[in-house]
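Please keep the sequence and the 3D view at hand while reading.

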Amino acid sequence: MSEMLEVRGLSKKFGNVVTAENVTFDVKEGTALGIVGPNGAGKTNILEALSLLSPGRGLRGSPLTEMVRDGASSFAVAATLAGADPALQPVEIGTGVDPRAPTRRKLRINGADASALSLSEWCAL
């Protein structure tokens, strides 16, 4: 059974507060993945971080200004993703909010600034 999704080094932080760091897992074709842990362990933060690596407003559908919490002025999510097709190279995706422009989401793909349209194209692969 091949991997449908590989996530390597998923991290999410609000300002200097890290809510998920270096999370790594594989989802094999035809299987389900469960995330378990006590309240406050970061399960929802992992799901929200993954959802922010695709176009849109994330798992909760919140405006960007509401995604920043605990006195932080920014948030960031980054991960390396690989799909089932071994011919495709893994992609490094990072997104977040810069405190100088809190209503605008920034996106980087493989280290370069990118548009939301670019993210849509990567997610379609």
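## Salt bridges in the predicted model

A salt bridge is a side-chain nitrogen of Lys or Arg within 4 Å of a carboxyl oxygen of Asp or Glu. In general, side chains of opposite charge can pair when their charged atoms come close. The model examined here is predicted, and a search of the whole structure finds 5 salt bridges.

One of them joins the side chains of Arg108 and Asp113, with a distance of 2.7 Å from N to O. Arg108 is partly exposed, its relative accessible area being 40%, while Asp113 is exposed at 61%. Another salt bridge pairs Asp98 with Arg100, and here the closest N and O atoms are 2.4 Å apart. Asp98 is buried, with a relative accessible area of 13%, whereas Arg100 is exposed at 73%.

## A pair that links a helix and a loop

Which residue forms a salt bridge with Glu48 at 3.7 Å, N to O? The partner is Arg60, whose side chain meets that of Glu48. Glu48 belongs to helix H1 (residues 43-51) and Arg60 to the loop between H1 and helix H2 (64-67), so this pair ties together parts that are 12 residues apart in sequence.

Is Glu48 buried or exposed? Glu48 is buried, because its relative accessible area of 3% falls under the 20% limit for that class. Arg60, in turn, counts as partly exposed at 43% relative accessibility.

## A nonpolar patch on the surface

Leu33, Ile35, Leu47 and Leu59 form a nonpolar patch on the surface, and together they have about 320 Å² of accessible area.

In soluble globular proteins, nonpolar side chains tend to be buried together. In this model, the largest nonpolar core has 25 residues, and those with the most contacts inside it are Leu10, Leu53, Phe75, Val77, Leu81 and Ile93. The elements that give two or more residues to this core include both helices and strands: H1 and H2 are among them, together with strand E1 (3-14), E2, strand E3 (75-83), strand E4 (91-97) and strand E5 (105-109).

Conventions: Residues numbered from 1 in each chain as written. Predicted model: local features only at pLDDT ≥ 70, side-chain atom pairs only at ≥ 80, totals over all residues. Heavy atoms only, no water. Helix = DSSP H or I, 4+ residues; strand = E, 2+ residues; numbered from the N terminus. Buried < 20%, exposed > 50% of the residue type's maximum accessible area, 1.4 Å probe, protein only. Patch = residues over 30% accessible without salt bridge, like charges linked within 9 Å, V, L, I, M, F, W, Y side chains within 5 Å. Areas by Shrake-Rupley, 256 points an atom, 1.4 Å probe, with all protein chains shown as cover. Core = buried A, V, L, I, M, F, W, Y, C linked by side-chain atoms within 4.5 Å.
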